[in-house]
Amino acid sequence: DGMLDDQAPGHQHGPAVPPPSGSVPLGGREPPPDEDALEDVENPAADDRMTGVRGAKAYAVHCAPCHGSRGRGDGPIAKLLSEETPDLTDPEIQDELTDGALFHVITAGSMSEVMPPAKDDLPPAERWALIRHLRSLKR
């Protein structure tokens with residue numbers, strides 16, 4: 001009785017107990033990103049064709065439904081959301097946000113929780129490749 005309302009852990013949920021402070025995971029869950037520490041981090045993904053292809057694939061699956069195929073915030077889901085979807089080609093995003101800041105947003109999601117965090121769906125290397133693709137939208 002009431003099983004449909006229970007919040008049972010599933011395969012997408014991490015452990016119920018948070019990791020000890022300062023611990024480094026050997027696998028599984030990634031620690032929450034530190035926005036200030038990521039601000040000046042440079043993108044470790046190579047700026048080459050293969051990284052661009054990987055980033056474009058990740059973008060098509062995880063970002064294009066809302067942000068649109070060209071990043072202009074006009075994806076098919078955008079009109080259903082409670083807030084405007086950002087135009088990723090906008091100079092405020094392209095010129096003012098560092099790669100580390102973009103990594104934080106992609107990892108943690110948006111503060112309004114409209115954009116879900118990608119930390120459980122994309123490994124860090126794929127997130128960095130995705131950022132290489134986001135930068136190509138400016139061109």
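The exercises below work through a predicted model, each with a step-by-step solution. Residues are numbered from 1 along each chain as its sequence is written, and side-chain values use heavy atoms, with hydrogens and water left out. Because the model is predicted, local features need pLDDT of at least 70 and side-chain atom pairs count only at pLDDT 80 or more, while totals for chains, interfaces and linings use all residues.

**Exercise 1. Describe the surroundings of Leu134.**

Step 1: Leu134 lies in helix α6, residues 124-136, where helices are DSSP runs of H or I with at least four residues, numbered from the N terminus. Step 2: its relative accessibility is 8%, so Leu134 counts as buried; buried means under 20% relative accessible area, exposed over 50%, and partly exposed in between, with a 1.4 Å probe and protein chains only. Step 3: not counting residues up to four places away in sequence, Leu134 touches Tyr59, Leu88, Gln94 and Ile106, contact meaning heavy atoms within 4.5 Å. Step 4: Leu134 and Gly55 are 79 residues apart in sequence, yet their C-alpha atoms are 8.0 Å apart in space.

**Exercise 2. Find which residues of the largest nonpolar core touch the most other members.**

Step 1: a nonpolar core is a set of buried Ala, Val, Leu, Ile, Met, Phe, Trp, Tyr and Cys residues joined through side-chain atoms within 4.5 Å. Step 2: the largest such core has 18 residues, and those touching the most other members are Tyr59, Leu88, Ile106, Leu130, Ile131 and Leu134. Step 3: helices α2 (49-62), α5 (99-108) and α6 each supply at least two residues of this core, and the largest share, four residues, comes from α6.

**Exercise 3. Decide whether His67 is buried or exposed, and find what its side chain meets.**

Step 1: His67 lies in helix α3, residues 64-67, and because its relative accessibility is 9%, His67 counts as buried. Step 2: a polar atom of the His67 side chain lies 3.0 Å from the backbone oxygen of Pro86. Step 3: leaving out residues up to four places away in sequence, the residues that His67 touches include Tyr59, Leu88 and Met115.

**Exercise 4. Locate the salt bridges and the parts that they tie together.**

Step 1: a salt bridge is a side-chain nitrogen of Lys or Arg within 4 Å of a carboxyl oxygen of Asp or Glu, and by this rule the count comes to three. Step 2: Glu126 pairs with Arg54, the closest N and O atoms being 2.9 Å apart; Glu126 lies in α6 and Arg54 in α2, so the pair ties together parts that are 72 residues apart in sequence. Step 3: Asp95 pairs with Lys138 at 2.6 Å between the closest N and O atoms, and since Asp95 lies in the loop between α4 (91-94) and α5 while Lys138 lies in the segment after α6, this pair ties together parts 43 residues apart in sequence. Step 4: Arg135 forms a salt bridge with Asp99, with closest N and O atoms 2.8 Å apart, and both Arg135 and Asp99 are buried.

**Exercise 5. Identify the buried and exposed sides of helix α2.**

Step 1: in α2, Thr51, Gly55, Ala58 and Tyr59 are buried. Step 2: seen down the axis of α2, its buried residues fall within an arc of 100 degrees, so they line one face of the helix; the arc is that of the directions from the helix axis to the C-beta atoms. Step 3: the face of α2 turned away from its buried side carries the exposed residues Arg49, Met50, Lys57 and Val61. Step 4: the buried residues of α2 pack against α3 and α6.

Terms used. A polar contact is a pair of N or O atoms within 3.5 Å; within protein, one must be able to donate a hydrogen and the other to accept it, and residues adjacent in sequence count only if both atoms are side-chain atoms.
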